[in-house]
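Then let us walk through it together, from a single residue out to the whole chain.

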Amino acid sequence: MNQQPDYEPGPGTCCCCLVFLAATVGFIYLMVLLSVSKGATYSVTVTGVAGLDPAADLLSASRPTLSPVFNLTVRIDNAREKFSTHCLGSFAAASVTYGDAFLGKGSVPEFCAGKGKVRERGARAWGHGVDLPRFLRDQMAGELAAGEAAVDVEVTVPDQECYHHCFDTVLTCSQAKIGGGPAPCTVHQNVVHHGHDGETAAGSND
Ligand SMILES: *[C@@H]1O[C@H](CO)[C@@H](O)[C@H](O)[C@H]1NC(C)=O
């Protein structure tokens with residue numbers, strides 16, 4: 001007697017198993033990627049400063065105002081991001097303050113870091129005829145002498161697609177040491193109402 005088994009796993013069933021297995025493996029892979037993928041982080045380094053020499057500028061009675069120039073490096077660290085490119089949008093501006101006093105500002109070029117990449121661009125921020133209060137001049141001169149002067153840098157990226165409200169992106173990079181390493185930035189959105197002289201995201205103390 002040549003009895004056929006009632007059931008025999010045919011090629012269809014096997015295929016089904018493989019698809020299911022592949023889907024499961026794919027899903028687990030995606031979950032792992034999602035859990036290890038960290039968004040971009042931003043940092044700013046003050047690579048050089050001119051016009052803030054303690055003796056010649058900060059403490060000099062013949063300099064009632066200052067004209068500082070800051071060389072900055074803005075970095076997007078997207079090394080641990082597995083999915084998307086991160087960019088600093090167009091018309092970004094960096095503003096440099098010291099103890100809440102405005103020192104300079106300048107534009108930052110638009111650039112991107114692809115997934116897994118670290119990219120940086122140089123920018124220059126400057127101020128002309130800046131009236132820094134005496135106590136801050138003294139404080140900065142002391143800190144520069146000790147090699148530990150730090151400024152706060154804010155990079156504002158204006159929202160390009162807004163109507164009544166704009167959600168500007170603001171990178172706040174506190175305590176960026178002059179000639180020191182990169183200062184990490186925190187990122188937040190600033191709501192700006194356009195159409196009247198409401199607040200602007202970039203420092204308005206100039
Ligand atoms: C700033 O950068 C420019 C161009 O790279 C350079 O010529 C200049 O000397 C730098 N200034 C300071 C103070 O580092």
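Contact means heavy atoms within 4.5 Å of each other. Leaving aside neighbours within four places in sequence, Ser 60 is in contact with Pro 54, Ala 55, Arg 134 and Arg 137. This is a predicted model, where local features need pLDDT of at least 70 and side-chain atom pairs count only at pLDDT 80 or more, while totals for chains, interfaces and linings use all residues. Residues are numbered from 1 along each chain as its sequence is written, and side-chain values use heavy atoms, with hydrogens and water left out.

**Two loop residues**

You will find Ser 60 in the loop between helix H2 (54-58) and strand S2 (69-77). Helices (H or I, at least four residues) and strands (E, at least two) are DSSP runs numbered from the N terminus. Is Ser 60 buried or exposed? Ser 60 counts as buried because its relative accessibility is 12%; buried means under 20% relative accessible area, exposed over 50%, and partly exposed in between (1.4 Å probe, protein chains only).

Phe 83 sits in the loop between S2 and strand S3 (86-88). With 39% relative accessibility, Phe 83 counts as partly exposed. Phe 83 also belongs to a nonpolar surface patch, together with Phe 27, Ile 28, Leu 30, Met 31, Val 32 and Leu 34. The accessible area of this patch is about 640 Å² together.

**Around the ligand**

Gly 48, Val 49, Ala 50, Asn 71 and Arg 124 surround the ligand; a residue is near a molecule if one of its heavy atoms lies within 4 Å of it. Strand S1 (residues 41-50) gives the most to this shell, with 3 residues.

| Side chain | Distance to a ligand oxygen atom |
|---|---|
| Asn 71 | 2.3 Å |
| Arg 124 | 3.4 Å |

The protein covers 37% of the 360 Å² of accessible area that the ligand has on its own. Accessible areas come from the Shrake-Rupley method with a 1.4 Å probe, and for residues only the protein chains shown count as cover.

**The whole chain**

How many helices and strands does the protein have? There are 3 helices and 10 strands, and along the sequence they follow the pattern α-β-α-β-β-β-β-β-β-α-β-β-β. Of the 206 residues, 32% count as buried. Among contacts between residues at least 6 apart in sequence, 66% join residues at least 24 apart.

Methods:
Patch = residues over 30% accessible without salt bridge, like charges linked within 9 Å, V, L, I, M, F, W, Y side chains within 5 Å. Salt bridge = Lys/Arg side-chain N within 4 Å of Asp/Glu carboxyl O. Polar contact = N/O pair within 3.5 Å; in protein donor to acceptor, adjacent residues only side chain to side chain.
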